[in-house]
Amino acid sequence: MTECTVAGETLVLLAEKAMYWPARGALFVADFHLGKAATFRRAGIALPPGTTSENVERLGRAIDRTGAREVIFLGDFLHSADGRAERTLRRFAAWREARKALGLTLVRGNHDLKAGDPPEAWNMRCIEAGERLGTFVLNHEPGEAKRGGYALAGHIHPAVRLSGEGETLRLPCFWFGARCGVLPAFGAFTGSAVVSPRSGDQVFVVAEDHVLKVA
Amino acid sequence: MKRDLAGEAFLESWFEANGWRAFPFQREVWQAYLEGESGLVHSATGSGKTLAAWLGPIAQWMGEGGGSTAPALRVLWITPMRALASDTVLSLERAVEGLGIPWTVGLRTGDTSSGERARQAKRLPSALVTTPESLSLMLSNADGREKLSQLRLVVVDEWHELLGNKRGVMTELGLARLRKWNPKLQVWGLSATLGNIEEALSRLLGCRPADAVAAAGVAGRVVRGVSDKRVIMDTLIPATLDRFPWAGHIGLAMLDDVVEAIESSRSTLVFTNVRSQAEIWYQGLLEAKPEWAGLIGLHHGSLDTDVRKWVEAGLKEGRLKAVVATSSLDLGVDFSPVERVLQIGSPKGVARLLQRAGRSGHAPGQASRITCAPSHALEFVEAAAVRRAALAGRIESREPVDRPLDLLTQHLVTIAVGEGFEAEAMKEEVRGTVAFRDLADAEWQWALDFVTRGGDALKAYPDYQKVVLGEDGWYRVKDAAIAKRHRMSIGTIVSDAAVDIRFRSGKRLGNVEESFIARLAKGDNFIFAGQQLEFIRVENMTAYVRPGKPGSAVIPRWDGGRCPLSGEVSDSIRELLELHVQGREDEPELKAIARLLKLQHSWSRIPRRSEMLVEQVQTREGHHIFMYPFEGRSVHLGLSALLAWRISRHQAGTFSLGFTDYGLELLCRERFELIPLLKGGLLSAENLLEDMLASLNAAELTKRQFREVARVAGLVFQGYPGQPKTNRQVQATSGLIYEVFARWDPDNPLLGQAQKEVLQRQLEFSRLAAGLARMRDAPVLLRQTHKPSPFAFPIMVSRFREKLTTEKLADRVMRMQLEYDKASGVLPEAPGSQLDLL
């Protein structure tokens with residue numbers, strides 16, 4: 001776990017690719033993409049099982065390590081309507097059932113708009129982007145919040161490239177700019193895009209079990 | 001089979017009426033065809049093979065009574081390149097017109113318009129020219145059997161081009177299906193001469209049970225085409241070699257000599273090995289001879305089809321004095337006016353040398369002529385070695401691909417989209433190809449499960465319904481969207497994300513890799529299609545440009561294209577150096593670089609065939625070790641990694657690796673003693689495979705190779721123009737898919753296949769093992785040199801070149817070049833042109 005200060009708030013960055021805000025007991029997760037592998041299978045692309053289980057187990061680990069009371073998904077929780085496969089939904093439902101007291105909030109992202117909201121039984125509060133939570137504004141797509149506040153987002157699956165000693169590495173990252181912070185994609189079956197941070201930005205890469213500050 | 005002579009009499013009288021004589025080999029082919037035989041015609045140069053295969057079925061039809069209407073589809077003509085297909089149609093049509101028969105010839109490739117397809121759907125032409133992919137596509141049509149079961153003959157043109165890759169296996173699978181529909185189907189291959197011509201034939205014939213062969217009374221026949229064509233092979237040797245570079249591959253040092261050579265011939269083809277080199281040479285020629293604007297052309301695979309067609313037409317009509325080309329002009333189309341071929345750098349292989357030579361001298365009585373223009377000093381040795389191997393008839397084999405499971409899954413879906421299949425019958429059909437002769441039951445079951453359940457039975461997903469087993473016991477694809485997507489992704493060629501290059505007016509110039517465009521900023525100049533262009537912006541995978549202003553410009557570097565030295569050329573080089581040391585050779589190329597060879601011999605040694613030369617040098621950078629197996633770049637890459645890994649187990653350290661076609665380099669900070677390591681099993685064959693995989697970040701290489709496997713197996717969906725948005729949800733990079741498999745299904749056979757392909761294709765593992773054995777058996781000749789030797793220098797520079805991206809590093813290499821030239825007593829006047837810094 002790596003602590004950092006963003007917009008005057010202390011945040012904890014987890015190698016699970018989640019971010020914890022101790023002041024509120026909230027865990028932030030972006031781009032969960034539940035049902036992505038199922039979507040592929042539906043289209044005739046044979047992927048091995050395991051990604052959904054890994055996702056919920058890792059999420060559980062992040063909650064247990066931090067003691068979070070609430071999880072806020074910063075968009076793209078569900079991958080697609082096709083991905084709402086019975087087995088996948090059952091897996092998540094079982095997880096939810098075991099953690100009934102946990103507050104779940106979903107800031108609808110572009111994928112969610114097409115995939116539809118999660119089943120009612122999961123008891124997730126679904127909101128539009130732009131809601132204020134203390135210092136922060138809950139968004140999906142990165143960018144400056146319109147009415148002040150520090151925006152938190154996902155969407156772009158940020159990564160950075162590191163080079164040296166004749167080797168280059170591409171690693172997912174947390175990227176905090178002046179007015180907006182972007183989380184790495186949480187989903188086990190998600191890609192990433194290399195971003196170009198500006199000077200003054202804070203960048204933390206996820207290197208296996210560690211979160212390391214690189215800028 | 002009884003032969004009807006009427007058809008033959010018709011052909012003979014046609015030849016006679018035109019005052020021609022059929023070549024004996026042509027007669028042999030059509031007679032064998034009329035006897036019901038299949039076979040393979042090979043020759044180094046192309047002339048007459050097409051007609052040989054084409055006349056058989058025509059004679060057969062005449063023998064059956066001929067008639068005034070065109071027969072429905074009888075001949076399928078498979079060609080490796082779409083660009084060749086239309087030319088083939090023309091030459092088949094020419095013969096038909098000459099013979100005055102009503103046969104029709106059609107074209108079916110990815111370029112065929114939907115209107116033409118619709119016409120063909122109504123009534124197929126007598127002969128259809130197509131590609132392996134389009135054949136596969138036809139097999140995925142529900143009426144494939146109805147349309148194709150009347151075929152008498154399949155001709156596989158330029159079979160050598162397909163044999164060594166998965167497209168060859170795709171052809172084998174297609175032939176197996178056609179034979180199933182018509183067991184009497186005959187197949188004739190046309191090929192350049194290869195080292196493994198019998199194997200090439202067997203792949204076309206498939207594995208038929210011995211009794212079936214006996215019943216048919218025919219095996220395959222190998223026919224050698226005419227080869228009385230004289231081939232002249234020589235090398236441009238400049239008057240003075242004082243300023244000739246020791247390394248680099250642009251080779252503009254030879255510009256004046258090349259200009260002179262072009263001037264002395266009516267029409268010349270200038271071959272380069274890579275596209276960037278073609279662009280550089282085209283620019284170089286225009287700068288040397290501005291008056292040649294409009295008289296010389298440029299041809300490579302990234303240029304727009306219209307540009308290429310214009311150049312091809314210019315060559316055919318004799319309008320162009322010279323064309324600078326890459327392998328894009330290796331095949332097909334006869335350019336009769338071409339008198340001479342120039343090869344910039346080395347052709348790297350005997351077959352390629354002969355193939356390229358054959359593009360010249362088509363005029364009657366003229367010889368083919370190919371002349372090498374070395375781009376650095378050691379390529380003089382290579383040029384002589386390739387010629388010697390060619391004269392000795394030592395031509396490379398093309399190793400066919402064995403059991404590619406990714407392609408098997410693709411083929412199963414293709415057939416399931418089409419007619420459908422029954423499991424047992426399909427298994428036997430697949431095993432009827434040589435490629436899948438040894439397919440294990442477990443492999444078959446895996447492939448079947450993969451396409452029906454998405455994995456083995458335990459992991460079955462109800463939502464996965466690609467291929468569905470019906471109650472009638474047939475496997476079919478039922479989902480229209482899956483069928484459509486599959487039809488769009490049939491094929492084995494992985495294309496890089498390519499960005500179109502267009503003027504703002506919309507005129508398209510061609511395409512380049514996305515990664516090149518990504519590095520450009522607005523206003524940057526680059527050279528493409530022989531023009532200096534200014535980059536404006538990228539929009540929807542199109543880079544808009546305008547004519548640039550003269551000044552500095554970069555040239556795109558396309559990936560791939562550079563082949564490593566072939567085994568035959570390697571052998572020939574080792575042999576030639578041995579003869580040189582013995583004073584028993586008399587090659588002009590070696591005379592030309594006598595000074596350099598002498599220098600090598602006095603500083604270090606020219607390695608004899610039975611010796612393993614190892615050079616140790618200390619520089620500011622550290623401790624260098626050079627070795628010279630002459631086994632080609634990919635083997636040296638593997639070897640250098642292997643040796644470094646084995647050394648680092650004894651003595652921790654970081655190595656930097658260098659490799660060229662001639663040798664390899666290990667560089668590390670600390671000096672270490674090599675002899676004890678050599679004695680301690682550094683070159684041992686023990687644990688070779690394990691060490692090899694461990695030494696090269698094998699996972700990374702496999703991940704890259706998985707790109708092709710994933711594409712063929714349908715795990716990634718290659719985008720296509722006008723792609724509907726709905727597909728975006730099921731797009732992922734092959735790297736991501738690889739990670740999912742590696743983590744959650746590490747035993748998946750597709751991962752194993754990617755690893756096998758890395759070993760066989762990228763590292764040439766069997767050649768590496770043989771090279772290692774030779775090094776092990778040879779006495780070590782250890783030389784400490786005070787400077788890197790002439791043999792070592794190119795290896796050292798090649799390592800830098802991989803990293804050379806900034807001016808600063810470039811300056812560094814320049815300084816090295818100067819230093820070494822001083823050391824050898826040669827002072828270059830303009831070192832700037834000597835290295836490939838782009």
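Helix axes here are lines fitted to C-alpha atoms over the stretch in contact, and angles between them run from 0 to 180 degrees between N-to-C directions. The model is predicted.

**Two helix pairs**

Two packed helices are described by the angle between their axes and the distance between the axes.

| Helix pair | Residues | Axes come within | Crossing angle |
|---|---|---|---|
| α15(B) and α16(B) | 350–357 and 378–391 | 9 Å | roughly 80 degrees |
| α2(A) and α3(A) | 51–66 and 86–98 | 10 Å | roughly 15 degrees |

In chain B, the axes of α15(B) and α16(B) cross at roughly 80 degrees. Angles of 65 to 115 degrees count as roughly perpendicular, so α15(B) is roughly perpendicular to α16(B). On the α15(B) side the contact is made by V350(B), L353(B) and L354(B), and these meet V386(B), A389(B) and A390(B) of α16(B). The residues of this contact divide into 6 nonpolar, no polar and no charged.

In chain A, the angle between α2(A) and α3(A) is roughly 15 degrees. Angles under 35 degrees count as roughly parallel, and α2(A) and α3(A) are therefore roughly parallel to each other. The crossing of α2(A) past α3(A) is right-handed. From α2(A), residues T52(A), S53(A), V56(A) and G60(A) take part, and they meet T88(A), R91(A), F92(A) and W95(A) of α3(A). The makeup of this contact is 3 nonpolar, 4 polar and 1 charged.

**The sheet in chain A**

Chain A has an open sheet of 7 strands with mixed pairing, in the order β1-β2-β3-β4-β5-β6-β7. Its edge strands are β1 (2–6) and β7 (124–127) of chain A, each of which pairs on one side only. From one strand to the next, the twist averages 25 degrees.

Within the sheet, β3 (residues 18–21) and β4 (residues 26–29) of chain A run antiparallel and are joined by 3 bridges. W21(A) has A26(A) in β4(A) as its bridge partner. Helix α2(A), described above for its contact with α3(A), also packs on this sheet. There α2(A) touches β2 (9–14), β3, β4 and β5 (70–73) of chain A, and the direction of α2(A) makes about 150 degrees with that of β4(A).

**Chain B and a buried helix**

The secondary structure of chain B comprises 33 helices and 26 strands. Of the 838 residues in chain B, 48% are buried. Among contacts in chain B between residues at least 6 apart in sequence, 75% join residues at least 24 apart.

Which residues of helix α2 (residues 24–34) of chain B are buried? They are Q26(B), V29(B), W30(B), A32(B), Y33(B) and L34(B). These buried residues of α2(B) pack against helices α1 (5–17) and α3 (49–63) and strands β1 (38–42), β6 (186–191) and β7 (220–224) of chain B. After α2(B) comes G36(B), with a positive phi near 90 degrees.

**Contact between the chains**

The contact between the chains takes 21 residues from chain A and 21 residues from chain B. On the chain B side, helix α29 (residues 734–744) of chain B gives the most, with 4 residues. The residues of chain B that touch chain A divide into 11 nonpolar, 6 polar and 4 charged.

Note on methods. Residues numbered from 1 in each chain as written. Chains lettered and ligands numbered in written order. Predicted model: local features only at pLDDT ≥ 70, side-chain atom pairs only at ≥ 80, totals over all residues. Helix = DSSP H or I, 4+ residues; strand = E, 2+ residues; numbered from the N terminus. Parallel < 35°, antiparallel > 145°, perpendicular 65-115°, else oblique. Contact = placed C-beta atoms within 7 Å. Nonpolar A, V, L, I, M, F, W, Y, C, P; charged D, E, K, R; others polar. Left-handed = near helix turned anticlockwise from the far one by under 90°. Pairing = 2+ DSSP bridges. Buried ≥ 20, exposed ≤ 12 C-beta atoms within 10 Å, placed from the backbone.
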